[in-house]
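Please examine the sequence and the model shown here. A short report accompanies them.

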Amino acid sequence: MAAITGPEIERLIQLLSKLPGLGPRSARRAVLQLIQKKETLLSPLAQAMADAVEKACICSTCGNADTQDPCTICRDRTRDPLTICVVEDVGDLWALERAGAHKGRYHVLGGVLSALDGVGPDDLNIGALIERVTKDSVKEVILAMNATVDGQTTAHYITDRLEGLDVSISRLAHGVPVGGELDYLDDGTLAAAMKSRRPF
Ligand code: ZN
C-alpha cells in the first residue's frame with residue numbers, strides 16, 4: 001500500500017500500535033488527534049516522554065517502576081516494612097495501590113513460573129525476595145498472584161522456598177467480586193468462593 005503520509009508520522013503510528021490495547025487502527029486515530037492538537041497535546045507529550053526516558057528506573061529493592069531508586073513506596077516511612085505483598089508485575093502493584101488495599105511494601109516478581117513458556121525460578125525475582133525476608137526479618141508475606149494455574153503454581157513454589165523461615169504467609173481470597181451476581185459468575189469463581197467462605 002502506498003504511504004498516505006510522511007515517514008515521521010508513519011513511524012509514530014507504527015510505534016504507538018505496539019502499545020497494549022492499541023492496534024494500528026486506534027494508533028492512527030491517536031496520532032491524528034496528536035497532530036491536530038500539536039501545541040496542547042503532542043508537544044507536552046513529547047516533553048513528558050523525554051523526561052521519562054531520562055528519569056524512569058526500576059527500584060532495585062522491590063522492582064517497582066519509578067523515577068527514583070529506592071522507589072517512593074520503599075522510601076515511605078509510614079508504610080510497614082515488615083509486611084511484603086508479592087505481585088507478578090508492576091501493573092498489579094499499581095492496581096493494589098489504586099485500591100489503597102495494602103499499607104506495607106511490595107515485591108515484584110517480573111512474571112510467573114511457566115513450564116510452557118520456559119520460565120523457571122531463576123528468571124524471576126524470587127531469590128531477592130527470600131533474601132529480603134531473611135535480612136529484614138519480615139513478619140508477613142502476602143502472595144497476590146493472579147488466580148491462574150501459573151500464578152498459583154508460583155505461589156506454592158514461593159511458599160516452599162519460605163518454609164523454615166519465621167514468617168507468616170497469606171494469599172488473596174478468591175471469590176465473589178464486589179457487586180457481583182452469583183448467576184453471572186463462572187463455575188471456578190463460584191467454587192472458590194464457596195471453599196473460602198467465612199463465618200458471618
Ligand atoms: Zn521499591
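The report covers the metal site, the strand pairing and the nonpolar cores.

## Basis of the model

This is a predicted model, in which local features need pLDDT of at least 70 and side-chain atom pairs count only at pLDDT 80 or more, while totals for chains, interfaces and linings use all residues. Residues are numbered from 1 along each chain as its sequence is written, and side-chain values use heavy atoms, with hydrogens and water left out.

## Zinc site

Cys59, Cys62, Cys71 and Cys74 coordinate the zinc ion through their SG atoms at 2.3 to 2.4 Å (donors are N, O and S atoms within 2.8 Å of the metal, or 3.2 Å for Na, K and Ca). The donor residues follow the spacing C-x2-C-x8-C-x2-C. The site is tetrahedral, with angles of 104 to 114 degrees among its four donor atoms (all angles must lie between 85 and 135 degrees). Both Cys71 and Cys74 are buried (under 20% relative accessible area, 1.4 Å probe, protein chains only).

## Strands β3 and β4

Strands β3 and β4 run parallel and are joined by five bridges (pairing requires at least two DSSP bridges). Val86 stands opposite His107 in β4. Five of the five residues of β4 (residues 104-108) are buried, so this strand is largely enclosed by the rest of the structure.

## Nonpolar cores

The largest nonpolar core has 17 residues (buried Ala, Val, Leu, Ile, Met, Phe, Trp, Tyr and Cys residues joined through side-chain atoms within 4.5 Å). Elements β3 (80-87), α6 (126-135), β5 (140-143) and α7 (149-162) each give two or more residues to this core. The largest share, four residues, comes from α6.

Technical notes. Buried means under 20% relative accessible area, exposed over 50%, partly exposed in between (1.4 Å probe, protein chains only). Four donors count as tetrahedral if all angles lie between 85 and 135 degrees; four count as square planar and six as octahedral if opposite donors are over 155 degrees apart and all others between 65 and 115; anything else is irregular.
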